[in-house]
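Thanks for coming, everyone. I'd like to walk you through one model today, so please take a moment with the view on the screen.

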Amino acid sequence: MDGLLVDTEPLWFETEGEVMARLGAPWSKEDQERLLGGSMDNTVGYLLAKATRPAPPAEVARWMTDGMLKRAAGGRIVVRPGARELLEAVAAAGLPYALVTGSQRPFTEAVLAGTALSFPVTVTGDDVARTKPDPEPYLLAAKLLDVDPANCVAPEDSPNGVTSATAAGCHVVAVPSLLPVPPSPRRLVVPSLSDISLPTLRAVAT
């Protein structure tokens, strides 16, 4: 979701910087890149490792969630080019599809409500014991869709997401956001979701 379907990375950067100010430490783009496509637990652990003022992990997670929900409610969620068109084409073709995101469910639902994007199945960071780069999120999505992961194509923007989908057995279309993703077998790399069509997805899956 973040960085692929919607451009929320600037909002995460703002929120992380806001939280780090409360924890008494600076925040940089390099710090953000280390967390790209990861879980809230990873983010909180990283923030606290840099902190000069202690705080309970649950409280830091709440600061993060509240900050992102505030920004989502402010109408600042931007849908990335090609996202709506691709989702509409997949839905019109009758293909099973799911959202697989490391974001927590409250923020995920706020983003979907604010953008009018919808999915028959949604797997969030709250639904799995191990988030990306572990394969569990994609394996759960395939199970809920009742499909074989080997027949699935996963568009992803981050190395963590690509690793997760690949380990689950999916084909991958990478649309890199902040970090580069190299081409490899079972993986197509394109600059934008606007470059992905149903024929593209079918070709990647064969």
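This is a predicted model: local features need pLDDT of at least 70, side-chain atom pairs count only at pLDDT 80 or more; totals for chains, interfaces and linings use all residues.

Let's begin with the core. The largest nonpolar core holds 42 residues, and those touching the most other members are Leu-5, Leu-23, Leu-47, Val-60, Phe-107, Leu-193 and Ile-196. Six helices each supply at least two residues to this core: α1 (9–23), α3 (40–50), α4 (57–73), α5 (83–92), α6 (105–115) and α9 (198–204). The largest share comes from α4, with six residues.

Leaving aside residues up to four places away in sequence, Val-60 touches Val-19, Leu-23, Val-44, Leu-47, Leu-48 and Ala-55. There is also a second, separate core of 16 residues, with Val-121, Val-123, Val-162 and Ala-174 among them.

Now for the rings. How many aromatic pairs does the structure hold? There are three. The one I'd like to show you is made by Trp-12 and Phe-107, an edge-to-face pair with 5.4 Å centre to centre and 75 degrees between the planes. Trp-12 belongs to helix α1 and Phe-107 to helix α6, so this pair ties together parts that are 95 residues apart in sequence. Both Trp-12 and Phe-107 are buried.

The charged end of Arg-22 sits over the ring of Trp-63, 4.0 Å from its centre. Lys-29 lies over the face of Phe-13, with 4.1 Å to the ring centre.

On to the empty spaces. Rolling a probe the size of a water molecule over the atoms shows where empty space is left. The largest pocket has a volume of about 1000 Å³. Its lining has 50 residues, and the closest to the pocket centre are Ala-98, Val-100, Tyr-138, Ala-154 and Pro-155. Elements giving two or more residues to that lining include α2 (29–35), β1 (98–100), α7 (136–145) and β3 (153–156).

What about enclosed space? The search of the whole structure finds one cavity of 30 Å³ or more, and the largest cavity holds about 40 Å³ of space. Trp-12 and Phe-107 come back here, lining the largest cavity along with Met-40, Met-64, Thr-65, Met-68, Ser-103 and Gln-104. Helix α4 gives the largest share of that lining, three residues.

Next, a loop residue. Phe-119 is found in the loop between α6 and β2 (121–123). Is Phe-119 buried or exposed? Its relative accessible area is 15%, and the cut-off for buried is under 20%, so Phe-119 counts as buried. Which residues does Phe-119 touch, not counting those up to four places away in sequence? They are Leu-5, Leu-87, Tyr-97, Ala-98, Leu-99 and Leu-112. For Leu-99, which is 20 residues apart from Phe-119 along the chain, the C-alpha atoms are separated by 6.3 Å.

Last stop, helix α7. Its buried residues are Glu-136, Pro-137, Tyr-138, Ala-141, Ala-142 and Leu-145. These buried residues pack against β1, β2, β3 and α8 (159–167).

Conventions:
Residues are numbered from 1 along each chain as its sequence is written. Side-chain values use heavy atoms; hydrogens and water are left out. A nonpolar core is a set of buried Ala, Val, Leu, Ile, Met, Phe, Trp, Tyr and Cys residues joined through side-chain atoms within 4.5 Å. Buried means under 20% relative accessible area, exposed over 50%, partly exposed in between (1.4 Å probe, protein chains only). Helices (H or I, at least four residues) and strands (E, at least two) are DSSP runs, numbered from the N terminus. Contact means heavy atoms within 4.5 Å. Rings of Phe, Tyr and Trp (its six-membered ring) pair if their centres lie within 6.5 Å; planes under 30 degrees apart count as stacked, over 60 as edge-to-face and the rest as tilted. A charge sits over a ring if NZ of Lys or CZ of Arg is within 6 Å of the ring centre and within 35 degrees of the ring normal. On a 1 Å grid over the protein atoms alone, a cavity is a set of points where a 1.4 Å probe fits but cannot get out, and a pocket is an open set with protein on both sides within 12 Å along at least five of seven lines; lining residues have an atom within 4 Å of a point. Grid points are joined across faces, edges and corners, and a volume is the space filled by probe spheres set on the points.
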